[in-house]
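Below is a short note on the model, for a colleague who will have it open while reading.

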Amino acid sequence: MDSVEALFKPRSVAVIGASGKPGKIGYSIMKNIIEYGYEGKIYAVNIKGGEIEISGRKFKVYKSILDVPDEVDMAVIVVPAKFVPQVVEECGKKGVKALPIISSGFGELGEEGKKVEEALVETAHKYGMRILGPNIFGVVYTPTKLNATFGPTDVLPGKLALVSQSGALGIALMGWTILEKVGLSAIVSIGNKSDLDDADMLEYFENDENTGAILIYMEGVKDGRRFMETAKRVSMKKPIIIIKAGRSERGAKAAASHTGSLAGADKIYEAAFKQSGVLRALTVGEAFDWARTLSNLPEPAGENVVILTNGGGIGVMATDAAEEEGLHLYDNLDDLKVFANHMPPFGSYKNPVDLTGMADARSYEGAVRDALSNPNMHAIAVLYCQTAVLDPRDLADLVIREYNESGRKKPLVVAIVGGIEAKEAIDRLNEEGIPAYPEPERAIKSLAALYRWSRWKNRQRKE
């Protein structure tokens with residue numbers, strides 16, 4: 001097992017600075033590792049020694065990592081900054097492979113702190129270890145049931161890897177993904193990036209069978225050329241979405257003081273992202289909207305998009321969004337005529353296909369099935385305005401059933417506009433990995449993000 005893999009698939013974890021007191025970070029991390037269901041060995045290390053009890057489990061507390069009787073793959077360091085150099089040295093002697101350093105008080109404080117950071121990395125490399133951080137909230141990898149953070153416990157498993165340079169925002173985003181039913185393969189807080197950085201994470205997730213897409217919150221990079229080269233290579237396999245903060249001059253200065261990294265001229269980043277196939281999102285909401293389609297859906301086999309709706313209004317709004325985003329609405333009436341079987345005579349099978357406000361479960365079921373089975377229809381947007389005719393949750397169930405039975409070979413997105421039942425339906429779809437949204441424009445723009453990435457990839461292959 002190499003040092004980076006030990007961050008995600010450790011056979012054993014030690015928490016150095018473990019505590020039995022609720023409210024302490026060393027307690028929260030121990031509690032999360034236990035309660036998220038990690039199945040490897042867990043060791044508590046604290047200079048005070050003794051015994052602690054957390055979540056009904058008792059742990060002997062070792063005074064030093066060197067006292068732990070077994071091998072340790074990963075050690076989470078939660079001690080004050082002044083003790084970190086000694087702890088890193090001891091971890092090296094112990095043969096630890098990966099070191100997430102939660103402690104802050106290093107490069108983000110200025111030049112002196114940066115020198116200490118450099119010395120830590122030198123020590124780590126001497127022993128073949130890698131450092132994540134410092135100044136981080138930890139790491140999550142859902143396939144191994146590892147939640148070594150002091151963030152929320154109940155992260156949903158899924159195919160999206162989330163990498164955040166900001167600790168507080170990263171923890172908030174963890175909570176947000178739980179609320180919005182976004183499934184994650186990993187969450188990595190990279191903080192000051194003294195050693196492992198965004199490019200290292202891209203390299204790991206490039207070949208990780210549990211990750212379908214990567215989302216990065218970034219304030220700056222240290223080695224721009226390496227990042228670009230890595231991103232371009234990874235983008236050929238998996239989509240990368242980046243929220244790059246510090247777009248304004250003042251924002252860039254704030255980013256530099258926050259994690260001690262240089263934000264740099266935004267136009268350079270913009271150009272670099274375009275060349276590397278990176279999709280740049282301007283807001284957190286937009287990034288996660290896109291992430292739903294990019295981590296869950298297959299690439300489209302062609303350009304023909306079909307919109308199915310029960311309301312003219314949302315159909316028109318979706319059509320406007322499709323035009324703006326450069327999506328091609330399929331307009332072969334011979335093919336589209338099949339939808340006439342699922343609507344009253346006053347419906348319209350011109351794309352957007354208006355099944356009318358009378359559309360019930362049977363109408364939608366037939367229309368979705370026909371769209372999925374037609375080889376000339378390459379992507380589908382199912383829109384629904386809540387009416388008394390059809391419970392949105394029933395619509396969600398039939399879409400899930402039809403999509404699964406079709407083998408999920410085409411991209412399909414859903415937008416449901418309505419009340420509490422609509423929200424429940426959206427959650428149900430998202431839990432099943434079918435991207436669903438409360439607004440038609442968001443569904444269309446997310447589908448467009450998938451098309452943008454796919455088109456970039458196809459261009460690269462031709463060049």
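1. Residue classes come before the linings: Ala, Val, Leu, Ile, Met, Phe, Trp, Tyr, Cys and Pro count as nonpolar, Asp, Glu, Lys and Arg as charged, and the others, Gly among them, as polar. By these classes, the lining of the largest cavity has three nonpolar, no polar and five charged residues. Those residues are Lys193, Asp197, Asp198, Ala199, Val221, Lys222, Asp223 and Phe227.

2. Basis of the note. This is a predicted model, in which local features need pLDDT of at least 70, side-chain atom pairs count only at pLDDT 80 or more, and totals for chains, interfaces and linings use all residues. Residues are numbered from 1 along each chain as its sequence is written, and side-chain values use heavy atoms, with hydrogens and water left out.

3. Cavity and pocket terms. The search uses a 1 Å grid over the protein atoms alone. A cavity is a set of points where a 1.4 Å probe fits but cannot get out; a pocket is an open set with protein on both sides within 12 Å along at least five of seven lines. Lining residues have an atom within 4 Å of a point. Grid points are joined across faces, edges and corners, and a volume is the space filled by probe spheres set on the points. The structure holds one cavity of 30 Å³ or more. The largest cavity has about 60 Å³ of space.

4. Largest pocket. About 640 Å³ of space lies here. Its lining has 26 residues, and Gly17, Val45, Asn46, Ile47 and Val79 are the closest to the centre. Helices (H or I, at least four residues) and strands (E, at least two) are DSSP runs, numbered from the N terminus. Elements giving two or more residues to this lining are α2 (25-35) and α3 (84-94). The most come from α3, with three residues. By class, the lining has 13 nonpolar, eight polar and five charged residues.

5. Second largest pocket. Its space is about 250 Å³. Of 13 lining residues, Lys274, Val278, Leu279, Arg280 and Arg452 lie nearest the centre. At least two residues each come from α9 (266-276), β14 (279-281) and α16 (440-462). The largest share is that of α16, with five residues. The classes here are six nonpolar, one polar and six charged.

6. Two strands pair if DSSP finds at least two bridges between them. This open sheet has mixed pairing and the order β9-β8-β11-β10-β12-β13-β14. At the edges stand β9 (146-149) and β14, each with a single partner strand, so one side of each has no neighbour in the sheet. The twist averages 20° from one strand to the next. Strand β8 (residues 138-141) pairs with β9 in the antiparallel sense over four bridges. Within that pair, Val140 stands opposite Asn147 in β9.

7. Helix on the sheet. Contact means heavy atoms within 4.5 Å. Axes are lines fitted to C-alpha atoms, for helices over the stretch in contact, and angles run from 0 to 180 degrees between N-to-C directions. Helix α9 lies across β12 (213-218), β13 (240-244) and β14, and runs at about 175° to β13.

8. Helix α3. Buried means under 20% relative accessible area, exposed over 50%, partly exposed in between (1.4 Å probe, protein chains only). Val84, Val87, Val88, Glu90, Cys91 and Gly92 of α3 are buried. Their cover includes β1 (12-16), β5 (74-77), β6 (98-100) and α4 (111-126). After α3 comes Gly95, with a positive phi near 90°.

9. Strands β18 and β19. Strand β18 (residues 379-385) and β19 pair in the parallel sense over six bridges. Ile380 stands opposite Leu412 in β19. Five of the six residues of β19 (residues 412-417) are buried.

10. Two buried residues. Leu327 lies in the loop between α11 (312-324) and β16 (328-329). Leu327 counts as buried because its relative accessibility is 7%. Beyond residues up to four places away in sequence, Leu327 touches Val305, Ala322, Ile444, Leu447, Ala448, Tyr451 and Arg455. Asp289 lies in helix α10 (residues 284-296). Asp289 is also buried, with a relative accessible area of 7%.
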